[in-house]
Each structure stands twice: as structure tokens, then as C-alpha cells.
Amino acid sequence: MISVFANSSLNLKYIMSKKEIQSVEYGLEKIFEGAQDFLPLLGTDYVEFYVGNAKQAAHFYKTAFGFQSYAYKGLETGSRDSVSYVLKQDKIRLVLTTPLNSKSPINDHIVKHGDGVKVVALWVDDATKSYEETTKRGAKSYMEPTVEKDEFGEVVRSGIYTYGETVHMFVERKNYKGTFMPGFVEWKSDYNPEPTGLKFIDHMVGNVGWNEMNTWVKWYEDVMGFVNFLSFDDKQIHTEYSALMSKVMSNGNGRIKFPINEPAEGKKRSQIEEYLDFYEGPGVQHIAVATDDIIKTVADLRSRGIEFLSTPPEEYYNAVPGRLEEHSHELREDIEALKKLGIMIDADEEGYLLQIFTKPLEDRPTLFFEIIQRMGAKGFGAGNFKALFESIEREQELRGTL
Ligand code: FE2
């Protein structure tokens, strides 16, 4: 293993194998050169949340994040057991689903986990083949390939379980021209708040239990054909009180990135343990959404009531010019504007990135969003981990969960 990108101010390092360094230097395609990608993924199709009250959750995501009304299914469309609202913003689709009676298994998920992500759906060209290739490599089936049809064509979906009760659905929609998928109607609303500039899902992070990270890394390698292209251990990701470990998994074309975290021993309880306690098991920790104007997006989100983790201290921003200079990059944004909004900056050899994290979006301290703008950097803000975790620890202290 070789260490690169040493960050002297925070004593953080990426540890990468030679093969992994190549992946960063030459692009992931090189790793896959010559190898057949048995699970080609075209992108994220949708993210489905199971929630206690989808009508109210939909209002929140429209009002606060600027998602647009897109599709609906419920009693009026013949769905007797559950209601789903589909919201859209550029390439991002969120589905918010709630059960209509006590017998629906969706209730069990909500009772145990609270509101949370049930499905991370992946857009594929062939949902049947995706199911066969992954189940034959050991994936546990969630839904066999199923064809849904209406007058606009057909959608084929299949699903497998990943960590916890979370599911990957494979969605094949090449023969469908309607709104979202069969069973849904277009959702027209008189209430349409402006978008906030969110473009697409950059990455989605899963929290898994003690000593389970490598099990899931191997699962993504074996079952999904992903590669581990960045790793951080507890010696690199720690504060005075707590620690965690993380490995970033990516599919062949680099469009899908799933970092996986596990807790590590520290003096106090880490944010990952807090998540696992309140979610009552592994699950999706955060959804990172990309914008190309983070200053505008974050100012807008703040004005709509979204709360972010506390702004890093003065010394953090004083160190930024040096960190960028170290890699010969020039900050194009006004640092005072970034500071005012609490946006963090990290740099690597290829460029820099700007990022900020919301507080948990529900009462249980579980799921949150990250807003990210990449200016060439392909990392995940390792240089910000310490400042970020100290900020989370201040919140944990208030919650009595540190
Ligand atoms: Fe992230």
C-alpha cells in the first residue's frame, strides 16, 4: 500500500494500492479494460423512501429542496395498499411511499427504522440479466424480474437486497414512454416552488455494523462487479473522541459510487454508532447531490429552512489558500461567501471540491444530505473529515449520544 495526497494540516492520508492509484490517474475504465462489465449501470434511476406520511414529506422536499411534482399513485389510481409521490429535480427522482393500512409490510420498515431509504434503484438496459448475473453471484433476491405495462409501454424491474433491509432495484425503461412507470399518473400541482439547482446524485453512503465493512466491500466486488477505489482507515478518520473507517466502491463506468462506513473504537460513541442505534441497523447514511453553483444553492436552501452542520472555525478558512496552493489550484469562488454559508473546501491533485452537510432530515439522527460541487476533484472531502466530524460531535453532545 502507498500513501499519497498527504494533508499535513489535518494529518489525513489516502491509502491506496498501485492499482487504485491508476484508477484515479487514468480513470476507472483502465481497471476494467479487457474485463467484461457483467452489470453495466446507466445511472441512478430513483431513490425510494418509506415514510410515515408521504403527503407531508413530499411537501417538505418540494418546499425546502425545490423538488418538482412529477408522478403519483394512490387510491385514485387503484393502489389500495400504499401511496407514492414521485418528485424530480433535474436528473434526481425521489419516491416517497407510505402504507395505507396496518397490514402493509412497509409499516414494519417504518416502525423499525423510522423514515428512511428503502430502495436505491439503478437504471439498466436489461433488468432480467442484471438479476440473473447478481443472484448467481450470491445476491439475495428481493423481487424476481417483473414486467409492468400500460398504454405507454412496459418497464421491467427486479431487485436484490444489499446491507440491512436496503434494496437495489434494477429498472429497465427503454420500452416506456409514459410518466415514471406503469401504475403512476402525472402529478400536477398548483404549488411549484422553484428548483434549488440540484442536478444529480453524486454518491450515496451506507453505514454498516462493526467489522462488516469488508464483508460489504467484497459483496459489491463479487456480486455487483464494483471496485474499491479509495480507502480510509480509523487512523486517518478520527477526532479526539471518535473514529470510523470507510471504503469507496464504484461501478465500471464510475457513474455509481457507494462509500461504505463502519464504526471504529474511540473514546466516545461515533456518529456511525449513533446512526446504527437509531436506524436499528445498517442503512443509507447520506445522499450527496451535485450542483454547479453551490453558493446559490446553499443560500437558497438556508432561506427555505434547511439546517446545515455548524460552520468550521476561522482557522479552517485561513488554511484553505494553502491547501489549494499545495496542489496548484486557484479558488474561483469568493472565500468570504463560502465562509458565510459554511461551505467546506478540499483539494487533491486533480482539482478541488466544495461541500456542505445538512443536519439529519428526520427526528431520528439518521439520514442527511450532502451538497457537493466538484471543480475537478474526484475525492470525497477527506481533508474535511476532521472538521466535519467535530461539527457532528457538537450535535451529538447536544443529543446526549456522544
Ligand atoms: Fe459524501
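Where is Glu-280 found? Glu-280 sits in the loop between helix H7 (271-279) and strand S16 (283-290). The model is predicted.

**Iron site**
- Three residues supply the protein donors of the iron ion: His-203 through NE2, His-286 through NE2 and Glu-370 through OE.
- These donors lie 2.0 to 2.2 Å from the iron ion.
- The sequence spacing of the donor residues is H-x82-H-x83-E.
- His-203 belongs to strand S12 (residues 200-207) and Glu-370 to strand S19 (residues 368-375), so this pair ties together parts 167 residues apart in sequence.

- His-203 has a relative accessible area of 3%, so it counts as buried, the cut-off being under 20%.
- Glu-370 is buried too, with a relative accessible area of 1%.

**Asn-211**
- Asn-211 is found in the loop between S12 and helix H6 (213-224).
- S12 is also the strand that holds His-203.
- Phi of Asn-211 is near 60°, a positive value in a residue other than glycine.
- Its relative accessibility is 64%, so Asn-211 counts as exposed, the cut-off being over 50%.

**Glu-280**
- Glu-280 also has a positive phi, near 55°, and is likewise a residue other than glycine.
- Its relative accessible area is 42%, which makes Glu-280 partly exposed.
- The loop that holds Glu-280 runs between H7 and S16.

Notes
Residues are numbered from 1 along each chain as its sequence is written. This is a predicted model: local features need pLDDT of at least 70, side-chain atom pairs count only at pLDDT 80 or more; totals for chains, interfaces and linings use all residues. Side-chain values use heavy atoms; hydrogens and water are left out. Donors are N, O and S atoms within 2.8 Å of the metal (3.2 Å for Na, K and Ca); water is not among the atoms, so sites may look incomplete. Helices (H or I, at least four residues) and strands (E, at least two) are DSSP runs, numbered from the N terminus. Buried means under 20% relative accessible area, exposed over 50%, partly exposed in between (1.4 Å probe, protein chains only).
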